[in-house]
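Keep the model open as you read.

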Amino acid sequence: MDAQRRAERKRYESYGRPELMETQTPLRIVLVDDHALVRSGIRAELSSTVPALDIVGEAENVEDAIAVIFETRPDVVLLDVHLPGGRGGGGVEVAEACRGIAETRFLALSVSDAAEDVVAVIRAGARGYVTKAITTPRLLESIVRVAAGDAAFSPRLAGFVLDAFGAGSQEVAAADDELDRLSNRELEVMRLIARGYAYKEVAAELFISIKTVETHVSSVLRKLQLSNRNELTRWAADRRIV
């Protein structure tokens, strides 16, 4: 563990000690849920119980969530899995779009306990997944763990992740090694191309020129030793990274 990680962990561990909370810089939280009443309830619970949490933003759909996360760059996003808007990807789409914000971590908070939802949002970059049946103290503990870079799961849900990633651990490791060759922008382009976006659509989504998209695609194909976008789509689908 490097010095930065040790310092970060020391800071966040103090949030579990009430006598230190008043002296700490608050953890900055964004709430993402399509039900205003749910957001209001979470805000009230966390704000009244934990003075060292600062709710810096809220959103009810994919587009607003991405915008407020990029604007506020919070420590933790409490992210509902099923959200309206965007291209229909819900919380997964939000997590993927904000993957490049290094200081922000995601904790899924959802009524769903379906394995496919859990695995999808973890693959998208979330550090944890808890259901809305969670108690306030357990939610606080989960927020603190995720902020510190650890994982947090409701007990039954952890098994889904172990099954999904353990069974194909060698394939996942190989995919990680290959993805490490790509820049963040190349990775963004690769995911959109693999989902069937046209070059023009990728350019509009990422606010870059079509020529730049073509350059990135060529670089991705070269680095992954693939011949065309069809092979790229199959490559990404086989590794479940789209």
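The protein chain has 13 helices and six strands. Of its 242 residues, 45% are buried. Among contacts with a separation of 6 or more, 64% join residues 24 or more positions apart.

How far can the coordinates be trusted? The average pLDDT of the protein chain is 81, and 78% of the residues score at least 70. Two stretches need care. Residues 16-23 have a pLDDT below 50, and beyond near neighbours in sequence this stretch makes seven contacts in the model. Residues 167-173 also have a pLDDT below 50, with two contacts in the model beyond near neighbours in sequence. Where pLDDT is low, the predicted coordinates should not be read in detail.

Now go to the inside. In soluble globular proteins, nonpolar side chains tend to be buried together. Here the largest nonpolar core has 25 residues. Those with the most contacts inside this core are Val 32, Ile 69, Leu 79, Val 94, Phe 106 and Val 121. Which elements build it? Strand 1, helix 4 (62-72), strand 3, helix 5 (90-97), strand 4 (105-110) and helix 6 (115-123) each supply at least two residues of this core. Helix 4 gives the largest share, four residues.

Leaving out residues up to four places away in sequence, Val 94 touches Val 62, Ala 65, Ile 66, Ile 69, Leu 79, Leu 83 and Phe 106. A second, separate core holds 21 residues, including Met 190, Ile 208, Val 220 and Trp 235.

A search of the whole structure finds one cavity of 30 Å³ or more. The largest cavity has a volume of about 50 Å³. Leu 31, Val 32, Asp 33, Ile 42, Leu 78, Leu 79, Asp 80 and Leu 109 form its lining. Strand 1 (27-32) and strand 3 (76-79) each give at least two of the lining residues. By class, this lining has six nonpolar, no polar and two charged residues.

The largest pocket has a volume of about 1100 Å³. Its lining has 36 residues, and the closest to the pocket centre are Ala 95, Glu 96, Ala 97, Cys 98 and Arg 99. Helix 4, helix 5, strand 4, helix 10 (184-194) and helix 11 (199-206) are the elements that give two or more residues to this lining. What does the lining consist of by class? It divides into 19 nonpolar, five polar and twelve charged residues.

Which element gives the largest share of the pocket lining? Helix 10 does, with six residues. Helix 10 is also mostly covered, as eight of its eleven residues are buried. The buried ones are Glu 186, Leu 187, Val 189, Met 190, Arg 191, Leu 192, Ile 193 and Ala 194. After helix 10 comes Gly 196, with a positive phi near 100 degrees.

Two other residues deserve a look at their backbone. Most residues other than glycine have a negative phi, and most peptide bonds are trans. Arg 73 is not a glycine, yet its phi is positive, about 45 degrees. Arg 73 sits in the loop between helix 4 and strand 3. Is Arg 73 buried, exposed or partly exposed? Its relative accessibility is 37%, so Arg 73 counts as partly exposed. Gln 225 also has a positive phi, near 60 degrees, in a residue other than glycine. Gln 225 lies in the loop between helix 12 (210-224) and helix 13 (229-238). Gln 225 counts as exposed because its relative accessible area is 71%, and the cut-off for exposed is over 50%.

Finish with a charged residue, Asp 117. Asp 117 is in helix 6. Is Asp 117 buried or exposed? With a relative accessible area of 14%, Asp 117 is buried, since buried means under 20%. Not counting residues up to four places away in sequence, Asp 117 touches Val 81, His 82, Ser 112 and Tyr 129.

Terms used. Residues numbered from 1 in each chain as written. Predicted model: local features only at pLDDT ≥ 70, side-chain atom pairs only at ≥ 80, totals over all residues. Heavy atoms only, no water. 1 Å grid on protein atoms, 1.4 Å probe; cavity = no way out; pocket = protein on both sides within 12 Å on 5 of 7 lines; lining within 4 Å. Points joined across faces, edges and corners; volume = space filled by probe spheres on them. Core = buried A, V, L, I, M, F, W, Y, C linked by side-chain atoms within 4.5 Å. Buried < 20%, exposed > 50% of the residue type's maximum accessible area, 1.4 Å probe, protein only. Contact = heavy atoms within 4.5 Å. pLDDT = per-residue confidence, 0-100.
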